[in-house]
Amino acid sequence: MIVVGVDGSDTGLEAAAWAAREAEMRRAPVRVVYAMAEWALEMAEDAPHAEVGRWMRDNAATVLADAVARVKQEAPDVAVESRLLGDDPRLALLEEAKEADLLVVGNHGLGGFRGLLLGSVALGVSGQATCPVAVVRVPPAPPRNVVVVGVDGSPGSLSVIEFAFAEAALRGAELHAVHAWNSSIIGYGPETLAEALEDAATERRLLAEVVAGCGERYPDVKVIERSRHGHPAEVLRLASADAELLVLGSRGRGPMAGLFLGSVSHALLHHGNCPIVVLSTG
């Protein structure tokens, strides 16, 4: 099952449409979820200011109905249901994710902070949900049929690569496996150049070895391996600029790996140009 969180914003509707297309490829049902304040959901009809709670519930029903309609428009054969929950949106979606194969949200929504590059709900569930989280944004131009996966060589990266191969297979897409490393080399002597070349060869071998196992299980997926020296966030941002999907782990192997959401995935969620799926690797 695919769960998609909506809030009445345009990005929420785009997330619902993306979830519908994903569900169609997976032959899975969709659950559309809207979360509101518990007091408004449970307010009695004879309570003081009951009209406020009634207005909020009516608005929630409209938001859910619009999102369900968008799912049916995108994928008429996909089974879809809706659920209204009384809780903080982040907590509600994390709870719903326990029953889901994929959780989908828009990159930002309604509220006083809608001008931010990434909304608080998208940031709050990425890397914390028990299932992969897709953060949907509308690309600036029609994407190529390419899935990009960030490969960092960490123990949890195998699940990330496996997911990316499966997504590429579903889409009939080319898979670009991108590995970036960032080492500071001081000096210009032959010894330093030799070390740099050896580092590059080592990183290429790491990428090839990690990708090889999954490639055997998905022989029809064309894979392009890209090993680059540079900051991983910038390398991946450029590699996925016109991609259909970018797949990342929540934490990597670098000095910031201890963060609940790693620095690379955090940066790309803010500045990426395509839908991003984050898998918890902590």
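Two strands are said to pair if DSSP finds at least two bridges between them. Helices (H or I, at least four residues) and strands (E, at least two) are DSSP runs, numbered from the N terminus. The structure is a predicted model, in which local features need pLDDT of at least 70 and side-chain atom pairs count only at pLDDT 80 or more, while totals for chains, interfaces and linings use all residues. Residues are numbered from 1 along each chain as its sequence is written, and side-chain values use heavy atoms, with hydrogens and water left out.

**The sheet**

- Strand β5 (residues 133-136) and strand β10 (residues 276-279) run antiparallel and are joined by three bridges.
- Within this pairing, V135 has I276 of β10 as its bridge partner.
- Ten strands form an open sheet with mixed pairing, in the order β3-β2-β1-β4-β5-β10-β9-β6-β7-β8.
- Its edge strands, β3 (80-86) and β8 (223-229), each pair on one side only.
- On average, neighbouring strands of this sheet are turned by 20° against each other, direction ignored.

**Helices on the sheet**

- Helix α1 lies across β1 (2-5), β2 (30-36), β4 (102-106), β5 and β9 (245-249), and runs at about 150° to β4. Axes are lines fitted to C-alpha atoms, for helices over the stretch in contact, and angles run from 0 to 180 degrees between N-to-C directions.
- Helix α4 (residues 89-97) also packs on the sheet, where it touches β1, β2, β3 and β4; its direction makes about 150° with that of β2. Contact here means heavy atoms within 4.5 Å.

**Helices α1 and α6**

- The axes of α1 (residues 10-26) and α6 (residues 157-171) come within 10 Å and cross at roughly 85°.
- The two helices α1 and α6 are therefore roughly perpendicular to each other (angles under 35 degrees count as roughly parallel, over 145 as roughly antiparallel, 65 to 115 as roughly perpendicular and the rest as oblique).
- W18, E22, M25 and R26 of α1 meet F163, E167, L170 and R171 of α6 in this contact.
- R171 forms a salt bridge with E22, the closest N and O atoms being 3.0 Å apart; a salt bridge is a side-chain nitrogen of Lys or Arg within 4 Å of a carboxyl oxygen of Asp or Glu.
- Because R171 lies in helix α6 and E22 in helix α1, the pair ties together parts that are 149 residues apart in sequence.
- The whole structure contains 18 salt bridges.

**Helices α8 and α9**

- Helix α8 (residues 232-239) and helix α9 (residues 263-271) pack at an angle of about 40°, with their axes 9 Å apart.
- Helices α8 and α9 are therefore oblique to each other.
- P232, A233, L236 and R237 of α8 make the contact with V264, A267, L268 and H271 of α9.
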